[in-house]
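Hello,

Here is the structure I promised to pass on to you. Have a look at it first, and then read on for my notes.

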Amino acid sequence: MIEAERRQPELSIVVPMYNEEDNVAPLCERLLTSLTPLGLDYEIVLVDDGSADNTLRNLRAQQQRNPEIRVVRLRRNYGQTPAMAAGIEVARGRTIVLMDGDLQNDPADIPRFLEKMEEGYDIVVGWRQRRQDYLFRRKIPSWIANRLLARITGVNVKDTGCSLKSFRAELIKGLPLYSEMHRFIPVVASMAGARMAQIPVSHHARQFGQSKYGLSRIYKVAIDLIVLRTLISLAGRPFGTLGWVALFAAFLSIGGFIYGVGVATTGDAMSSVTFAGLSVLLAALAMFLFFLGLLVELLYGADELRIENLASLTVRQINPKTPPA
Amino acid sequence: MTAIIERDPNVSQHSEMATDVQVSAVIPIGGATDHIADLHREYRSGLEAAVDSFEFLYVLEQRSPALAILQRLQSEGEPIKLITFAKWHGEASALCAGFARAAGDVVLTLPAEFQVDASRIGELIKTLDHCDVAVGKRHPRPRSAIGSLQGRVFHFFLRRFAGAPFQDVSCDFRALKRDVARELVLYGEQHRYLPLLALVQGFKVCEVEVPPSAKSRNRSVHPVGKYLQSMLDVLSIVFLVKFSRKPLRFFGMIGMSLFGVGSLWTLFIIAQRVFGDQPLMERPALILSVLLVVLGIQIVAVGLVGEILIFTRSKDLKEYKIAEVIE
């Protein structure tokens, strides 16, 4: 009977942990003290991302004592996003809450996330108040990144770096989550038309262990942003977007050609060679982009995951449930 | 494509035990081998000294002359499984076919020639207690001066660019935990760099010193071209592992630098035309700078297509493997 109950709990908390041996016990304790009073059926999915320290042993010990805890052991260290994806795959709850294992998020905020979810949102994103981090290494880069992200993607997420988020399970299980995409879950979800809410959460300084972030991620985030922007603009009309760039290059090419011929007739042969050369280069670019556009059309067209299919993740039945017979 | 020839279960008593085999030895036979029976006996005595139960998986081409010899050994009651390919697809696919059918907790790959002292198998298996992959390192290794110099240069590059501290990466005498063997997908020439592949995927790899086999024949020196080819192979492995889920980080870096240099240069030339009164017709450099811009755009565009490919297929390309769920 307990088995049957646990098959679909209301809530799953998914926490990826990498070398967080000292944080395991306090995290579990805080999670349990803030979740138990809610009186709902929940599970805690703790993912050990191939830690080299005693994280796994501590997780096992916690799991022994608390039946709500499930521990997922990954075969080796894969990184934060794959660890989250693994936890999400294993989670059975109808609502999934993601958070960090470093105690910088406060589990006491979770009930407020659930309230928001009750209001009908698909995704609720935290927004750290009075962030306890280094100003120059962490806060300023992340402020710039957030502004940039909002501008480029058109989705205004106040605090992309906050890991505390909650989702309807079908939504998060259907979203592409790989590489370091976890930062952009809200953006991708909004692309799919998800209803998003943002609520302020408290933030604590790291007590134990090392931060796994550094400044090196700026290049990575910038590249990921370009990718995301491209994915967004290509998803609707794959060929259309690249086609426009191709057309622009073709236009320049033809212009250069006409000018080159014009100059040639006036007797300036050298200059016409330069322009003809430019024209040929640009024509090559136009052709290349044209065919690449067709290839992209093929990729999107042949695949299940088009933007319409993403949108189906947010489809929801509004009719009241049929009363049990 | 592959077929397993197993012994008649009525005749043998070993097949019952196939479920709790400790060690599976995978031996791909690519070329002609006339000494396979001797080799088998040598490996067999090495394994007998080390573990209680084991099996041999020979992977070979249907037409191989070794097949008849192995079938005879099989009918004599040797614990042999034969996996045959209708056509030889290379050692990498042979190893994969063997790994997929290996029942043991430990999988050995053994060369189909007298390469190392087979009595060290036990030592190799024991090394797996504290790592995921154990690789033999031939020592002392009788080689010509040129051969050993080439090998040294190759391993220096391996260390420098792939961060892999191996001294004999191409030794075919290896032991793997079964999970690791199942996870490695090898193709082309990658079987040569199996330890590198395992290392960059996050597994722990140890080298174990083994003396060469007493019967090992002095092997000829590889031509220089072969080492250059190996460099390219190593580069492709590092690229695959580092950027397979984020192609634009690689293409973008190259494409955007070309684009940046090209556009700055173009602007400079145009500025010289406008302000310095230097006619464009005297500047073939303009074509070069625009060529850089065009190349840059193309490379970035190719990277973006790669990203789209990964994004749209991300649900099929799982990056992680769950070892267990404790509940």
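Please keep in mind that this is a predicted model. For the complex, the predictor reports an ipTM of 0.78 and a pTM of 0.75.

Let me begin with chain A. This chain has 12 helices and seven strands, and buried residues account for 51% of its 325 residues. Of the contacts in chain A with a separation of 6 or more, 81% are between residues 24 or more positions apart. The chain exposes about 15700 Å², with carbon and sulfur atoms supplying 60% of that area.

On the parallel side, six bridges join β5(A) to strand β7 (residues 196-201), and A:Arg128 has A:Val201 of β7(A) as its bridge partner. Strand β6 of chain A (residues 165-168) also pairs with β5(A), in the antiparallel sense and over three bridges; here A:Val124 is partnered by A:Ser166.

Because A:Asp122 lies in the loop between α5 (110-118) and β5 of chain A while A:Arg168 is in strand β6, the pair ties together parts that are 46 residues apart in sequence. A:Asp122 has a relative accessible area of 0%, so this residue is buried. A:Arg168 counts as buried too, at 12% relative accessibility.

A:Ile185 is buried, because its relative accessibility is 3%. Beyond neighbours within four places in sequence, A:Ile185 is in contact with A:Leu98, A:Phe167, A:Ile172, A:Leu175 and A:Leu177. Its C-alpha atom is separated by 9.5 Å from that of A:Ile123, a residue 62 positions away along the chain.

Now to chain B, which has 10 helices and nine strands. Its radius of gyration is 26 Å, well over the 20 Å given by the globule rule for 327 residues, so chain B is more spread out than a compact globule. The C-alpha trace spans about 95 × 55 × 40 Å along its principal axes. Buried residues make up 47% of chain B, and the chain exposes about 16000 Å².

One caution about this chain: its pLDDT averages 83, with 91% of the residues scoring at least 70, but over residues 7-18 of chain B the pLDDT is below 50. Where pLDDT is low, the predicted coordinates should not be read in detail.

Finally, some more on charged pairs. Over all chains, the search finds 28 salt bridges. In chain B, B:Arg41 and B:Asp38 form one of them, with the closest N and O atoms 3.4 Å apart; both residues lie in helix α1 (residues 36-50), about one turn of the helix from each other. B:Arg41 is partly exposed at 48% relative accessible area, and B:Asp38 is partly exposed at 40%. By contrast, the salt bridge between B:Arg174 and B:Asp172, at 4.0 Å, has buried partners: B:Arg174 is at 1% and B:Asp172 at 16%. There is also a network of salt bridges linking A:Glu43, A:Arg70, A:Arg92 and B:Glu327.

Key
Residues are numbered from 1 along each chain as its sequence is written. Chains are lettered from A and ligands numbered from 1 in the order in which they are written. This is a predicted model: local features need pLDDT of at least 70, side-chain atom pairs count only at pLDDT 80 or more; totals for chains, interfaces and linings use all residues. Side-chain values use heavy atoms; hydrogens and water are left out. Helices (H or I, at least four residues) and strands (E, at least two) are DSSP runs, numbered from the N terminus. Buried means under 20% relative accessible area, exposed over 50%, partly exposed in between (1.4 Å probe, protein chains only). Contact means heavy atoms within 4.5 Å. Accessible areas come from the Shrake-Rupley method with a 1.4 Å probe; for residues, only the protein chains shown count as cover. Two strands pair if DSSP finds at least two bridges between them. pLDDT is the predictor's confidence in each residue, from 0 to 100. The radius of gyration is taken over C-alpha atoms; the globule rule is 2.2 Å times the number of residues to the power 0.38. A salt bridge is a side-chain nitrogen of Lys or Arg within 4 Å of a carboxyl oxygen of Asp or Glu.
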